[in-house]
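Welcome! Here are a few exercises to work through with the structure in view, each followed by a solution in steps.

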Amino acid sequence: MIMENRRLIFVTNDDSYLSKGFRKIVELASEFGDVIAIAPDRVQSGMSQAITINSPLFLRTIEQSDRVTIYSFSGTPVDCAKVAFDHVLMGRKVDLVLSGINHGSNAAINVMYSGTMGAAIEGSFYGMPSIGLSLDDHDADADFEGAVEYGRRIIADVLAAKDSLPRPLCLNVNVPRCA
């Protein structure tokens, strides 16, 4: 059961709850607080700010522990954020939104199409500091350790300065593939 007095971090992505990058960011987020994670039930890359309007949506609990709850959702990444903020987390203070770790860079024009960044941007629309984290590697078995290490530093800095940061705030972090 998630405790009310600890930091609360919302996590999502566009590569689905089954992706290695998603599992890595949930693990990383849990170092900083309680985690509620809602991710698509299938890959939703390239969905940008898309929302589902004419189809039913289904939320399913995948994992629940003392500090982490993971849901699978049948919608887009932005749908995941909306259902989190408007229903699942309604009335709770969220300290940080994390989206990723994306398989592949979200630089240049890709930011406009990215479901990972779409969800992070949506979090900033709700007034929460948000970070989209991507690794420039499309391999399903990519090495995420560099992205985790840089993500850890950036998350710590954002949480430390959270109350003094301008809003809306959405950071787009891209980590190169390293040998």
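Two residues are in contact here when they have heavy atoms within 4.5 Å of each other. Keep in mind that the model is predicted.

**Exercise 1.** Find the buried residues of helix α2 (residues 77-88), and name elements that cover them.

*Solution.* Start with the cut-off: buried means under 20% relative accessible area. Next, look at what lies over them: the cover includes β1, β2, β4, β5 (96-103) and α4 (115-125).

**Exercise 2.** Work out which strands β2 (residues 34-40) pairs with, and in which sense.

*Solution.* Begin with β1 (residues 8-12), which pairs with β2 in the parallel sense over 4 bridges. To locate one of them, go from L8 to its bridge partner D34 in β2. Then turn to β4 (residues 68-73): this strand runs parallel to β2, and 6 bridges join the two. Here A39 has S72 of β4 as its bridge partner. Finally, check the cover of β2, where 7 of 7 residues are buried.

**Exercise 3.** Explore the largest nonpolar core and the contacts of V26.

*Solution.* This core has 29 residues, and those touching the most other members are V11, F22, V26, L96, L98, I101 and I155. Apart from this core lies another, of 15 residues, including F10, C80, V83 and M128. Now take V26: beyond its neighbours within four places in sequence, V26 contacts V11, V35, A37, V68 and I70.

Note on methods:
Residues numbered from 1 in each chain as written. Predicted model: local features only at pLDDT ≥ 70, side-chain atom pairs only at ≥ 80, totals over all residues. Heavy atoms only, no water. Buried < 20%, exposed > 50% of the residue type's maximum accessible area, 1.4 Å probe, protein only. Pairing = 2+ DSSP bridges. Core = buried A, V, L, I, M, F, W, Y, C linked by side-chain atoms within 4.5 Å.
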